[in-house]
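Have the sequence and the 3D view open side by side. We'll take a walk through the fold, one stop after another.

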Amino acid sequence: MRLILVLCLAIPVLASAQTRAQNVILFLADAAGLPTINAASIHGHKAPRKLFIQRMPQIALSETSTASELVTDSAAGMTAIVTGSRTHNGVIAQSDAAVRGRLDGAPLKTILEYAEERGLSTGVISNDSLAGATPASLYAHVNDRNKTADIFIQALTPRAGDGVDVLIGSGRSAIERALMAARRPLPDLARESGRTVLASLRDIDRQGSRAVVLLEDNSFDIGEATRMAIEMLSRNPNGYFLMVESDAHTDSIRQGLDRVVAFDRAIEDIAKRVGDDTLLLFTADHSFDLRVYDGKWDAPLLAGVPAEMGSGAGAVTLRSVRMNDDHTGEEVLVAAQGPGSERVRGYMANTDLFHVMMSAFGWAGPATR
Ligand SMILES: [Zn+2]
């Protein structure tokens, strides 16, 4: 009897403790709209609904408009997701008082900065440039996404905590050139910020808890990089926040869909490795104008796609797929599992995802206006 009483008292405590996340991983497939996800499943698995992200337990739709535009870019899109506030296209983590390239808005504190302030470890991985709009929205506050030097300088000179612990991404040459033009060469910036900037994943000290890897090439294994990052970030008993971006623009159709399939495999692998104390959240910052408009089960989806089709090819019409090289304004998929994921349901705003992550950690953030 006494045992039952003790259990009855303990269960609500345990249940509420389990709803807090120790760690949050945000997987961001840049430009992977619903049509892209549908096409990636058919392309990679010969059938719809075969991706892991399509089988995650919590599914919702996220609306992606900006403070002033119906169709977002990666800057305003990611700013909304990681700060809970809308701004304008081209602006990185600044309020909607910003005018792109001309006037600063107030800095918007990001989920990564909240995590740093609270003593968690943080990581950012991208197979796009580390000064690109998506990763930049977590650690930089600038009025124009093209301010490459300012963005990378802010990545290494943080406003919160000791800065991003694990930073892995590409764009090395362009970032080095921009820093040189800003009279802040990369070796000087690295020395002043006390960080060693590595050039290969192989150079990472696997026993360590921090690393900056600035790669030239964007074809590294994003799953391997994520596993290495989690190994390092997990050494912090306070937990971690990690964002992993994979570029899923399908202006190069086959490469874009292959990347979605590979990213999905990496997410499935990570889901098996992390404990049930980790919230996994998948979404896109905006959709993209790719459509499956025809096709048969026994014909490859991408029949007719040029083998060497690069990006920037403009509009393309194949037998089964049409692609117009533009972002589009319809809702995108949100998929989630783990503590706090029950809040991912129905039609959401992209700004809601910030509150999903904050409340998973048990934190209150500023209300979205
Ligand atoms: Zn984007």
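What follows goes from the confidence of the model to a metal site, then to strands, a helix and a few loops.

First, some ground rules. This is a predicted model, in which local features need pLDDT of at least 70 and side-chain atom pairs count only at pLDDT 80 or more, while totals for chains, interfaces and linings use all residues. Residues are numbered from 1 along each chain as its sequence is written, and side-chain values use heavy atoms, with hydrogens and water left out.

So how does the confidence look? The pLDDT (the predictor's confidence in each residue, from 0 to 100) averages 92 over the protein, and 93% of the residues score at least 70. Residues 10–17 are another matter: pLDDT stays under 50 there, and the model gives this stretch 0 contacts beyond four places in sequence. A contact, by the way, means heavy atoms within 4.5 Å. Where pLDDT is low, the predicted coordinates should not be read in detail.

Now find the zinc ion. Which residues coordinate the zinc ion? They are D30 (OD), S74 (OG), D285 (OD) and H286 (NE2), at 1.9 to 2.2 Å. Donors here are N, O and S atoms within 2.8 Å of the metal (3.2 Å for Na, K and Ca), and since water is not among the atoms, sites may look incomplete. The angles among the 4 donor atoms run from 96 to 125°, and the site is tetrahedral; for four donors, that label asks for all angles between 85 and 135 degrees. Along the sequence, the donor residues follow the spacing D-x43-S-x210-D-H. D30 belongs to strand 1 (residues 23–30) and S74 to helix 3 (residues 74–83), so this pair ties together parts that are 44 residues apart in sequence. Helices (H or I, at least four residues) and strands (E, at least two) are DSSP runs, numbered from the N terminus. D30 and S74 are both buried, where buried means under 20% relative accessible area, exposed means over 50%, and partly exposed is in between (1.4 Å probe, protein chains only).

Strand 8 pairs with strand 1 in the parallel sense over 6 bridges, with L26 opposite L281. Strand 8 also pairs with strand 12 (residues 332–337), this time in the antiparallel sense over 4 bridges, and there F282 stands opposite A335. Two strands count as paired if DSSP finds at least two bridges between them.

Elsewhere, 3 strands make an open antiparallel sheet in the order 9-11-10. Strand 9 (287–292) and strand 10 (316–317) sit at the edges with a single partner strand each, so one side of each has no neighbour in the sheet. Strand 10 and strand 11 (residues 321–328) pair over 2 bridges, and V316 stands opposite M323. In the loop between strand 9 and strand 10 you'll find D294, which is partly exposed at 46% relative accessible area. D294 touches R319 and S320, leaving aside residues up to four places away in sequence.

Next, look for helix 11 (residues 350–361). Of its 12 residues, 10 are buried, so the helix is largely enclosed by the rest of the structure. Among the buried ones are L353, F354, V356 and F361.

Most residues other than glycine have a negative phi. R49 has a positive phi, near 60°; its place is the loop between helix 2 (34–45) and strand 2 (58–63), and R49 is exposed at 67% relative accessibility. R183 also has a positive phi, near 55°, and lies in the loop between helix 7 (172–181) and helix 8 (186–193). R183 is exposed too, with a relative accessible area of 75%.

One last stop: is S200 buried or exposed? S200 is buried, at 15% relative accessible area, in the loop between strand 5 (197–198) and strand 6 (211–214). A polar atom of the S200 side chain lies 3.0 Å from the backbone nitrogen of R202, and S200 touches V213 and L215, not counting residues up to four places away in sequence.

Conventions. Tetrahedral: all angles 85-135°; square planar, octahedral: opposite > 155°, others 65-115°. Polar contact = N/O pair within 3.5 Å; in protein donor to acceptor, adjacent residues only side chain to side chain.
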